[in-house]
Amino acid sequence: MRDKLVDYKSATLELARIVAETELPEDKYEHTKRVVRYTYDIALRECCLQDEEILCLVLAYLHDVIEDGGERAEEYIKEYFGDMVLECVLLLTHRKDEETYPEYIDRVLAGPRAVQYVKRADMKDHLCQKETLTPKLKEKYLGVLDKFM
């Protein structure tokens with residue numbers, strides 16, 4: 001039984017990778033791969049449960065798919081991963097026309113721990129990318145990062 005569960009988790013993670021790779025532009029997918037690595041590090045450091053670790057990694061792959069992917073991205077996530085994963089990805093999706101960045105961060109912080117880990121990893125990657133980090137973006141991320149600690 002345990003082997004089937006491990007196979008299922010591996011297959012779920014691989015499906016998330018495939019959806020991200022298929023739906024995202026190449027530069028966004030490269031960012032996503034870095035966020036997956038950072039999320040894994042955060043999840044290990046925070047000692048989360050193994051099931052939560054898989055959710056963290058799935059969310060790391062899918063975190064930008066609705067915002068930057070194709071028009072059917074939300075539908076794919078719901079169909080392949082279910083309502084709970086879709087709700088988490090929607091928490092990670094900044095609705096720029098409906099909320100300010102601090103409001104978005106407050107929404108993320110009210111969500112599950114896995115969502116918070118992925119957002120922390122996402123901000124870490126943006127802060128590490130010196131060639132694309134503008135002073136305005138740096139200020140935006142550093143202005144809310146302490147809320148995650």
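## Helix packing and aromatic pairs

The axes of helix H7 (residues 101-109) and helix H8 (residues 113-128) come within 8 Å of each other and cross at roughly 140°, which makes H7 oblique to H8 (under 35 degrees is roughly parallel, over 145 roughly antiparallel, 65 to 115 roughly perpendicular, the rest oblique). Axes are lines fitted to C-alpha atoms, for helices over the stretch in contact, with angles from 0 to 180 degrees between N-to-C directions. Helices are DSSP runs (H or I) of at least four residues, numbered from the N terminus.

This is a predicted model, in which local features need pLDDT of at least 70 and side-chain atom pairs count only at pLDDT 80 or more. Residues are numbered from 1 along each chain, and side-chain values use heavy atoms.

From H7, Tyr101, Tyr104, Ile105, Val108 and Leu109 meet Val115, Gln116, Lys119 and Met123 of H8 (contact: heavy atoms within 4.5 Å).

The whole structure holds four aromatic pairs (ring centres within 6.5 Å; planes under 30 degrees apart are stacked, over 60 edge-to-face, the rest tilted). Two of them are tabulated.

| Pair | Centres | Planes | Class |
|---|---|---|---|
| Tyr80 and Phe81 | 6.5 Å | 90° | edge-to-face |
| Tyr101 and Tyr141 | 6.1 Å | 75° | edge-to-face |

Tyr101 in H7 and Tyr141 in helix H9 (residues 135-145) are 40 residues apart, so their pair links distant parts of the chain. Tyr101 is buried at 11% relative accessibility, as is Tyr141 at 6% (buried is under 20%, exposed over 50%, partly exposed in between; 1.4 Å probe, protein chains only). Phe81 is buried at 14%, whereas Tyr80 is partly exposed at 40%.

Definitions and conventions
Helix = DSSP H or I, 4+ residues; strand = E, 2+ residues; numbered from the N terminus. Phe/Tyr/Trp six-rings, centres within 6.5 Å; stacked < 30°, edge-to-face > 60°.
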